[in-house]
Amino acid sequence: MTTPGFRPTHVVPQHGMPAWEAPDPVRPTVPLDPLLPVQLLERRGDWGHVLCANGWSAWVDGRFLVAVPKDPPVADAPLARTADPRPLLARAEETLARYRSAVEELSGGTLDGEAFQSRTRGLRIGVVVDGESVWLYDAQHGRWVYADGTRLSTYAAEEAPRAAAGDPGHAATQVVTPDGP
């Protein structure tokens, strides 16, 4: 049975994950099933308190939860951040041109594999264009952004979790397997 109003924010990784009654590694409980939809309720450092669709809750190592993408903002919805997408598009274009130039030189024999690898190391772009919508990877800030042609807003970020300010200093989460810690 699904709890009314349940909207998953994450899913459990494909191999499942251990769970605890409290943010304390000495109080394990039943592990969560693979790809189980959960709602992240609270974070305490690396710990994540999750709610399952059936109303059951547990504490997990929040670093391993897989975020469920949110729908892109619609044009008439208020955006959390408004920015001009053109500078990010220009950076993506420049990065692609650098990669393409290295590929041309590699194909033409003027660049060997090691030099190609050296010239392309660290290049990262991501662009998906679908009609008037575009999703761009902002490598400088480690996030995907969505643009409708005029406005840009964050779609998904890849930040590592950090301890919250004022965290009471709970012990670090340990991943436990059925064979032991």
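With which side chain does the side chain of His10 make a polar contact? In this predicted model, the partner is the side chain of Thr9, at 2.7 Å. His10 belongs to strand S1, which covers residues 10-11. Its relative accessibility is 13%, below the 20% limit, so His10 counts as buried. Beyond residues up to four places away in sequence, His10 touches Leu36, Pro37, Val38, Leu40, Leu65, Val66, Ala67 and Val68.

The protein contains 2 helices and 11 strands. Read from the N terminus, the order of elements is β-β-β-β-β-β-β-α-α-β-β-β-β. Of its 181 residues, 30% are classed as buried. Among contacts with a separation of 6 or more, 51% are between residues 24 or more positions apart.

In soluble globular proteins, nonpolar side chains tend to be buried together. The largest nonpolar core in the model consists of 10 residues, namely Val12, Met17, Ala19, Leu32, Val38, Val50, Cys52, Ala58, Val60 and Leu65. Two or more residues of this core come from each of strand S2 (17-20), strand S5 (47-52) and strand S6 (57-61). A separate core has 7 residues, including Leu88, Val134, Leu136 and Val145. Val38, a member of the 10-residue core, is in contact with Phe6, Pro8, Thr9, His10, Val12, Val50, Leu51, Cys52 and Leu65, when residues up to four places away in sequence are left out.

A search of the whole structure returned 2 aromatic pairs. In one of them, the ring centres of Trp20 and Trp47 are 5.2 Å apart and the planes stand at 85°, so the pair is classed as edge-to-face. Because Trp20 is in strand S2 and Trp47 in strand S5, this pair ties together parts 27 residues apart in sequence. Trp20 is buried, with a relative accessible area of 1%, and Trp47 is also buried, at 2% relative accessibility.

The other pair is formed by Tyr99 and Phe116 and is likewise edge-to-face, with 5.9 Å from centre to centre and 65° between the planes. Tyr99 lies in helix H1 (residues 86-107) and Phe116 in helix H2 (residues 113-120), so that the pair links parts of the chain 17 residues apart. Tyr99 is partly exposed, with a relative accessible area of 38%, whereas Phe116 counts as buried at 15% relative accessibility.

Conventions. Residues are numbered from 1 along each chain as its sequence is written. This is a predicted model: local features need pLDDT of at least 70, side-chain atom pairs count only at pLDDT 80 or more; totals for chains, interfaces and linings use all residues. Side-chain values use heavy atoms; hydrogens and water are left out. Helices (H or I, at least four residues) and strands (E, at least two) are DSSP runs, numbered from the N terminus. Buried means under 20% relative accessible area, exposed over 50%, partly exposed in between (1.4 Å probe, protein chains only). Contact means heavy atoms within 4.5 Å. A nonpolar core is a set of buried Ala, Val, Leu, Ile, Met, Phe, Trp, Tyr and Cys residues joined through side-chain atoms within 4.5 Å. A polar contact is a pair of N or O atoms within 3.5 Å; within protein, one must be able to donate a hydrogen and the other to accept it, and residues adjacent in sequence count only if both atoms are side-chain atoms. Rings of Phe, Tyr and Trp (its six-membered ring) pair if their centres lie within 6.5 Å; planes under 30 degrees apart count as stacked, over 60 as edge-to-face and the rest as tilted.
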